[in-house]
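Please walk me through this structure step by step. I have not seen it before.

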Amino acid sequence: MADFDFTQRFIFENTDVRGELASLEESYAHVLAKHTYPEPVAALLGELMTAAALLVNTLKFDGLLVLQARSAGAVPLLMVECSSARELRAIARYDAAQISSGASLQDLMPEGVLALTVDPAVGQRYQGLVALDGANLAECFTNYFINSAQLPTRFWLYADGQRARGLLLQQLPADRLPDPEEREASWQHVIALAATLSAEELLGLDNETILHRLYHEEELRLFAGTDLQFKCNCTRERSEQALISLGLADVQLLLEEKAGTIEIDCQFCNERYLFNESDVKQMFAEQDAGDASSTVH
Ligand SMILES: [Zn+2]
């Protein structure tokens, strides 16, 4: 069902601008159900999830988009991962003692940095950075596109702990409107109208109504929506790999410390993976066998 969590693309028929609306509800609820986030942190995390939903469509290959906002403030980390299969997960770290309701991005993440990482299944990983110095995350993403000299792009992102929604507008290469002055005037017109949209409108109205309110004088084409969903990609095998990377001696020490059972909890979905002594023996034995088969001929 595309009722709650989806993105929907639109284009203007008479100018070179594309748009995208993102709406997250169930996936957002899943993320918030795993941890009890203070309201301003839940809002920031929802905004970042929405940005990931809007940006994942620009991935033209199989892989993962990772958005990480880091700071030395009350919220040291916000992280969202969204795959090209449109499965997303998210987490935030925060110091509840330093957070008051209504706190802004600058209050919570002073001197922060936003990293966008594109991790394709095949090929080179790419990372871009931008300072988290905007009034809100939407402004930071807009700045990211300015700094990286990509197509002019604007973001509007809102989340209220129940719904997370966003709008993206992007100027396309000149085609329908080749005259540079007309082209710029048209872009400014389109974004000025979008800027009149309030958080309440974006959070509360359906896409058709939003677009009608903003652009009823323009010719628009709205495409069918594409679903997204919450899904954590953690596995027992990955937890095993993490243990193996520690080395047998350290894992055995850990086993002793933890009275015979190592617990590895996934921070994204709260899944717990348990490893006892025989699990540990077996995984290191398999690892040794694997090493032997790959090095001995
Ligand atoms: Zn997980």
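Val113 has Ala131 in strand 7 as its bridge partner. The two strands involved, strand 6 and strand 7, run antiparallel and are joined over six bridges; strands count as paired if DSSP finds at least two bridges between them. Helices (H or I, at least four residues) and strands (E, at least two) are DSSP runs, numbered from the N terminus. The model is a predicted one: local features need pLDDT of at least 70 and side-chain atom pairs count only at pLDDT 80 or more, while totals for chains, interfaces and linings use all residues. Residue numbers start from 1 along each chain as its sequence is written.

Two loops contain residues with positive phi. Arg86 sits in the loop between strand 4 (77-83) and strand 5 (87-93), and its phi is near 65°, a positive value in a residue other than glycine. Arg86 is partly exposed because 18 other C-beta atoms lie within 10 Å. The classes rest on a count of other C-beta atoms within 10 Å of a residue's own, with C-beta atoms placed from the backbone: 20 or more is buried, 12 or fewer is exposed, and in between is partly exposed. Glu111 is in the loop between helix 3 (105-108) and strand 6 (113-120). Its phi is positive at about 50°, although Glu111 is not a glycine. Glu111 counts as exposed because it has 12 C-beta neighbours inside 10 Å.

Leu24 is part of strand 2 (residues 17-24). Why is Leu24 counted as buried? The reason is that Leu24 has 28 C-beta neighbours inside 10 Å. Apart from neighbours within four places in sequence, Leu24 is in contact with Asp5, Gly46, Met49, Thr50, Ala53, Ala164 and Leu228; a contact requires C-beta atoms, placed from the backbone, within 7 Å. Gly247 is 223 residues away from Leu24 along the chain, and 41 Å separate their C-alpha atoms.

The chain is assigned domain 1 (6-230) and domain 2 (236-295), with bounds that come from an automatic or database domain assignment. The C-alpha centres of domain 1 and domain 2 are 38 Å apart.

Another strand pair is formed by strand 13 (residues 261-265) and strand 14 (residues 272-276), antiparallel over five bridges. Thr261 stands opposite Asn276 of strand 14. The hairpin of these strands has six residues between them, and Asn270 in this hairpin takes a positive phi near 70°.

For the chain as a whole, there are ten helices and 14 strands. The C-alpha atoms fill a box of roughly 70 × 55 × 40 Å along the principal axes. Of the 297 residues, 33% are buried. Among contacts between residues at least 6 apart in sequence, 63% join residues at least 24 apart.

Note on methods. Two residues are in contact if their C-beta atoms, placed from the backbone, lie within 7 Å.
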